Structures are given as C-alpha cells and as structure tokens.
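Here are some questions about how parts of a structure get their labels. Each answer sets a value against a rule.

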Amino acid sequence: NIAYTGNYGTGALLDRIVKIMAITAGTPFELCQMKDRIYENWIYDAFEPLMIQGGMMNMVRGRMVNMSSEYTDGIIVIRSMLDMFDAINEEDSKRFAQIIKKHIKGNSLTYMYDNLGLPQLSKLEEILNDESITEEETILSKVYYNMDRIVHHRKKYHAGIAMSSLRIANYESISGCNNNGWYNGDGMLYVYTDANQFDKSYFQYADPYKRPGTTVDTQRRES
C-alpha cells in the first residue's frame with residue numbers, strides 16, 4: 001500500500017522483465033509480445049508520465065526519498081527503453097526515441113553516461129545525434145487512482161500531488177529511511193520548474209512540518 005512506481009516498480013519489476021526478455025529472446029521460453037503491447041504501455045502510462053528530465057518523481061519512490069537521487073530510478077526506465085528497441089515495432093521505436101531525447105539533457109546526460117553499458121551508450125548516442133528525432137512534448141494531467149497520486153505536465157513546469165487514503169499509506173519509514181516523512185502523503189504539492197527540486201537533499205534538510213500543500217497540526221513528532 002505504498003506508492004512505489006520508482007524503486008520497486010523500476011528496479012524489481014521493469015528492469016527484471018526487460019532482462020528476462022533479452023535472455024530468453026530466440027528460445028522456446030521467449031516472452032510473447034501481447035497484442036495490446038503491454039510492456040510498451042507500461043512505459044507510456046505507468047512510468048514516463050512520472051518522470052521529469054530523466055528523474056523519477058520522489059512522490060512515487062516510497063522511503064527512498066532521502067536516500068538516493070531521482071535519477072536512480074529514472075536511469076532504469078531509460079536503460080530499459082534502450083534495451084527494448086530490438087523487440088518493439090517501428091512506431092514504438094520512434095516514440096521511445098522521442099521520449100529518451102526529451103529526458104536526456106543537462107545533469108541527466110552526465111548521470112546516464114556514468115550508469116549505462118556500452119551497447120546502451122551506443123544506442124543513446126545514435127538517438128541524440130539523429131536530428132530527425134524530435135523531443136516528445138508532454139502536455140497532460142493524469143490521476144493514478146490506486147496510489148493516490150496526480151501528475152500535471154506543462155511546457156514550463158511540472159506538478160505532482162501526493163495523497164493518502166484507505167488504499168495507500170501516507171508515508172513509509174523503515175531501516176532508517178524517511179524518518180520524518182509524516183506529512184509527505186497529506187496532500188504534499190510538488191512543483192518543478194527544473195529537475196531535482198525535490199531530490200534527496202530537500203527531504204534531508206527542509207522542515208518536515210512545512211511540506212508545501214499540507215495542513216498539519218503542531219504536534220511535535222519523534223523520528
């Protein structure tokens with residue numbers, strides 16, 4: 001009952017499925033591509049809308065908000081897309097390339113170069129150097145009902161709202177992670193005008209009693 005598109009969604013699901021696709025390709029155990037293109041739609045509907053300039057929004061990274069960079073999970077999505085190119089059709093390949101080009105810029109470019117293998121870097125260079133590939137423009141609003149998250153993308157800013165309900169917990173804290181996340185799921189508003197504005201440094205140093213968008217009591221809490 002935790003919003004975990006990042007971390008478990010990227011590392012424990014997407015990354016492993018794509019690796020299984022590569023390992024079993026051409027064998028009797030090959031994963032079948034379903035008619036509804038389920039793996040591609042995972043990218044379009046579940047993962048990419050929650051990304052900003054190569055990073056996965058912290059509001060869907062559970063207890064990892066103050067432990068690692070948003071790029072940590074963003075790189076897994078980009079890497080998985082690069083690895084899927086040979087298994088998808090031409091239309092999806094074109095859209096994947098546009099999405100990747102949109103996310104690889106600035107700090108994310110440096111992070112990607114440091115965390116990709118040679119075959120992935122080769123494909124990435126091919127995409128970035130192809131002038132016929134234009135960046136996909138994302139203008140959308142999307143509600144993730146089952147995990148109480150809303151994301152809103154416009155040309156000059158991106159926003160997210162983290163909520164909680166009987167379906168989803170307002171925060172997670174174990175193993176010394178996110179000890180002060182009491183109000184992170186109480187309607188916290190994330191507004192990005194640039195990447196990583198709510199990266200781990202924010203959650204390490206910002207006042208946990210004054211999360212933007214939240215209305216909280218004055219009770220002092222223990223970590």
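Q: In which sense does α3 cross α4, left-handed or right-handed?
A: The model is a predicted one. In it, α3 passes α4 in a left-handed crossing.

Q: What makes α3 roughly antiparallel to α4?
A: The axes of α3, residues 70-84, and α4, residues 90-103, cross at roughly 150°. Angles over 145 degrees count as roughly antiparallel, so α3 is roughly antiparallel to α4. The two axes come within 10 Å.

Q: Which residues make the contact of α3 with α4?
A: From α3 they are Ile 78, Met 81, Leu 82 and Met 84. From α4 they are Phe 96, Ile 99, Ile 100 and His 103.

Q: How do you know how the residues of the contact of α3 with α4 divide into nonpolar, polar and charged?
A: Leu, Ile, Met and Phe are among the residues that count as nonpolar, and the contact has seven nonpolar residues.

Q: Why is α4 called roughly perpendicular to α6?
A: α4 and α6, the latter covering residues 118-129, pack at an angle of about 85° with their axes 10 Å apart. The range for roughly perpendicular is 65 to 115 degrees, and therefore α4 is roughly perpendicular to α6.

Q: What meets what between α4 and α6?
A: Ala 97, Ile 100 and Lys 101 in α4 meet Leu 124, Ile 127 and Leu 128 in α6. By class, this contact has five nonpolar residues, no polar ones and one charged.

Q: What makes α3 roughly perpendicular to α6?
A: The axes of α3 and α6 cross at roughly 85° and come within 10 Å. An angle from 65 to 115 degrees counts as roughly perpendicular, so α3 has that relation to α6. Arg 79, Leu 82 and Asp 83 of α3 make the contact with Gln 120, Lys 123, Leu 124 and Ile 127 of α6. These residues divide into three nonpolar, one polar and three charged.

Q: How many cavities of 30 Å³ or more are there?
A: The count comes to one. About 130 Å³ of space lies in the largest cavity.

Q: What lines the largest cavity?
A: Its lining has 15 residues, and Met 59, Gly 62, Arg 149, Asn 170 and Tyr 171 lie nearest the centre. The lining divides into eight nonpolar, five polar and two charged residues.

Notes
Residues numbered from 1 in each chain as written. Predicted model: local features only at pLDDT ≥ 70, side-chain atom pairs only at ≥ 80, totals over all residues. Heavy atoms only, no water. Axes fitted to C-alpha atoms, helices over the stretch in contact; angles between N-to-C directions. Helix = DSSP H or I, 4+ residues; strand = E, 2+ residues; numbered from the N terminus. Parallel < 35°, antiparallel > 145°, perpendicular 65-115°, else oblique. Left-handed = near helix turned anticlockwise from the far one by under 90°. Contact = heavy atoms within 4.5 Å. 1 Å grid on protein atoms, 1.4 Å probe; cavity = no way out; pocket = protein on both sides within 12 Å on 5 of 7 lines; lining within 4 Å. Points joined across faces, edges and corners; volume = space filled by probe spheres on them.
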